[in-house]
Amino acid sequence: MTVHPSLQNYADAWTHSIEAIAELVQPLVEGEWNRRTPCPGWSVRDIVSHVIGLDCEMLGDPRPIHSLPRDLYHVRDEHTRYMEMQVDVRRHHTAPEMTAELEYTVIRRNRQLRNETRAPDTMVRAPLGAEQTLETAMRMRAFDIWVHEQDLRSALNRPGNLDSPGALVARDVLLAALPKVVAKDAGAPPSSAVVIDVNGPLEFLRTVRVNAEGRGSVDGSPSLGPVVTLATDWETYFRLACGRVRPAAVEDRLKVDGDQELAEAILRNFAVTP
């Protein structure tokens, strides 16, 4: 591997999850490709189409020229429209076409990663015509692929990899969004602390601290007098944070201590993926 050391974790996480996805979908019969997943509006086929499409964009392939149908309820804005294009263009592909394209895309991406010599701060294409650093792009691909692996596992009733390399990347990406959720979106008061206690295959305890100016930060040290303590398991945590489930549906898996109103505001704003 010639990947820069700071990119290696993301390359390894992507590889682990994409291989798991390929293994999950290889034996599926035609009807199973149409199963609904926890990702709003998307079937198993749609998830795999999305994975293929975004990795093709990482390879520099041109985006498809395609007109979307007008009746897709989950396409609400420019971002979802952008993501839907790679999905809808493959909606009528057969199972063999899907697995063959996935396999070919994985081969091409593995070769790209093996030969990667660009620096982590190299600017590359991002969705909607924006730019981002190569490190951000690879981190978000590793995150995205793992979350969609879990979508497929849920749809196919094949649980697993909740503590894989991709899970660790997902944990860090989701934790980085917590200060905004707690301080800005939920409006936690200045000079307060909120503790998130997660158990299961990935265990962690984090404190979101809101300073006197109302800005949030997150660290791993406990707080003596948190205004809210929210405890749950890792699977519930990421499903909430990725918008796969609403708080009311998993009430029995959430334990809340402290200010109930603030806790409800935090949970209302907990989903951070677009």
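Helix α1 (residues 5-25) and helix α2 (residues 44-58) cross at roughly 145 degrees, and their axes come within 12 Å. This is a predicted model. Its largest nonpolar core has 79 residues. The count of disulfides is 0.

**Helices α1 and α2**

- Two packed helices are described by the angle between their axes and the distance between the axes.
- The crossing of α1 past α2 is left-handed.
- On the α1 side, the contact is made by W14, I18, I21 and V25.
- On the α2 side, V44, V48, V51 and D55 make the contact.
- By type, the contact residues divide into 7 nonpolar, no polar and 1 charged.
- An α-helix has 3.6 residues a turn, so residues three or four places apart point the same way.

**T15 in α1**

- T15 also sits in helix α1.
- T15 has a relative accessible area of 18%, so T15 is buried under the 20% cut-off.
- Beyond its neighbours within four places in sequence, T15 is in contact with N110 and L113.

**Nonpolar core**

- L102, W234, Y237 and F270 have the most contacts inside the largest core.
- Helix α5 (residues 134-156) gives the most to this core, with 11 residues.

**Helix α7**

- Helix α7 covers residues 178-185. Its buried residues are L178, P179, V181, V182 and A183.
- These buried residues pack against three helices: α6 (165-176), α8 (234-241) and α9 (260-268).
- They also pack against the strands β3 (192-199), β4 (204-210) and β5 (216-219).

**Cysteines**

- A disulfide needs two cysteine sulfur atoms within 2.5 Å. By this rule there are 0 disulfides.
- The closest cysteine sulfur to that of C56 is in C39, 18 Å away, so the pair is too far apart for a bond.
- C242 is in no disulfide either. Its nearest cysteine sulfur is that of C39, 9.5 Å away.
- C56 counts as buried because its relative accessibility is 9%.
- C242 is buried too, with a relative accessible area of 2%.

Key:
Residues numbered from 1 in each chain as written. Predicted model: local features only at pLDDT ≥ 70, side-chain atom pairs only at ≥ 80, totals over all residues. Heavy atoms only, no water. Buried < 20%, exposed > 50% of the residue type's maximum accessible area, 1.4 Å probe, protein only. Helix = DSSP H or I, 4+ residues; strand = E, 2+ residues; numbered from the N terminus. Contact = heavy atoms within 4.5 Å. Core = buried A, V, L, I, M, F, W, Y, C linked by side-chain atoms within 4.5 Å. Axes fitted to C-alpha atoms, helices over the stretch in contact; angles between N-to-C directions. Left-handed = near helix turned anticlockwise from the far one by under 90°. Nonpolar A, V, L, I, M, F, W, Y, C, P; charged D, E, K, R; others polar.
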